[in-house]
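Here is a short walk through one protein structure.

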Amino acid sequence: MSIKSIKKGTILVAKPTLSNDIFQRSIILITEHLESGSIGFILNRSSHIPISIFVSEIESGSIVYEGGPVDKENIYYIHKRPDLIRNSEKIVDNLYWSGSYDDVREAVNQNLIQNNEIKFFIGYCGWAPKQIKDELDHNSWTITDLDFDIFENWDANLWKTLMKQLGGENLIWLNTPADPSMN
């Protein structure tokens, strides 16, 4: 795969070769891809902690996901509501990230935005220029355009679900433990 095939909205599925790595069995949504680098969020790693614990001003039980190892002091969000959240960055049709924090707080607290319209993350994934290309060259990721609802409450099952949809050689990994030495 060429780096040009990666764009906003691309889904990266961690290959089983990424064992004992921070990205092991991760599904990542790319939200920004430029010559200067790329940004994305891990979709399937729940912190099991509601946003209200991280940000007391937001009155919601929405669970925060561990978006990645970079900037874990900040909360980020992906959403479907640019009509409620000013300055949102379009990823693909009906999918946005970032935007006015005040708008998010108000929309969530007034129940104008539902849990299936916004997903919160602590931290993000970042790649330096050409880093993602090197990782693809080393067969660390599969690029996919598989269609699924990123706002669903995904956790460990998403990786297996997508590996099954990818089929072929990926099927062998479905029942392998995360740490193959435990087999």
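Phe-41, Tyr-65, Tyr-76, Trp-97, Phe-121 and Tyr-124 form one aromatic cluster. This is a predicted model, where local features need pLDDT of at least 70, side-chain atom pairs count only at pLDDT 80 or more, and totals for chains, interfaces and linings use all residues. Residues are numbered from 1 along each chain as its sequence is written, and side-chain values use heavy atoms, with hydrogens and water left out.

The whole structure holds eight aromatic pairs. Rings of Phe, Tyr and Trp (its six-membered ring) pair if their centres lie within 6.5 Å; planes under 30 degrees apart count as stacked, over 60 as edge-to-face and the rest as tilted. Take Phe-23 and Trp-127: their ring centres are 6.4 Å apart and their planes are at 20 degrees, so this pair is stacked. It links distant parts of the chain, 104 residues apart. Phe-23 sits in the loop between strand E1 (11-14) and strand E2 (27-34), and Trp-127 in strand E9 (residues 118-127). Helices (H or I, at least four residues) and strands (E, at least two) are DSSP runs, numbered from the N terminus. Both Phe-23 and Trp-127 are buried. Buried means under 20% relative accessible area, exposed over 50%, partly exposed in between (1.4 Å probe, protein chains only).

Now look at Tyr-65 and Phe-121. Their ring centres are also 6.4 Å apart, but the planes are at 55 degrees, so the pair is tilted. Tyr-65 lies in strand E5 (residues 63-66) and Phe-121 in strand E9, so the pair ties together parts 56 residues apart in sequence. Tyr-65 is buried at 3% relative accessibility. Phe-121 is buried at 0%.

Next come the charges. The structure has seven salt bridges, each a side-chain nitrogen of Lys or Arg within 4 Å of a carboxyl oxygen of Asp or Glu. Arg-81, Asp-83 and Glu-117 are linked in a network of them. Within it, Asp-83 bridges to Arg-81, with the closest N and O atoms 2.7 Å apart. Asp-83 is exposed at 55%, whereas Arg-81 is buried at 19%.

Another bridge joins Asp-102 to Arg-105, with the closest N and O atoms 3.0 Å apart. These two are three residues apart in helix H2 (residues 101-109), so about one helical turn separates them. In helix H3 (residues 131-137), Lys-133 and Asp-137 are four residues apart, again about one helical turn. Their closest N and O atoms are 2.8 Å apart.
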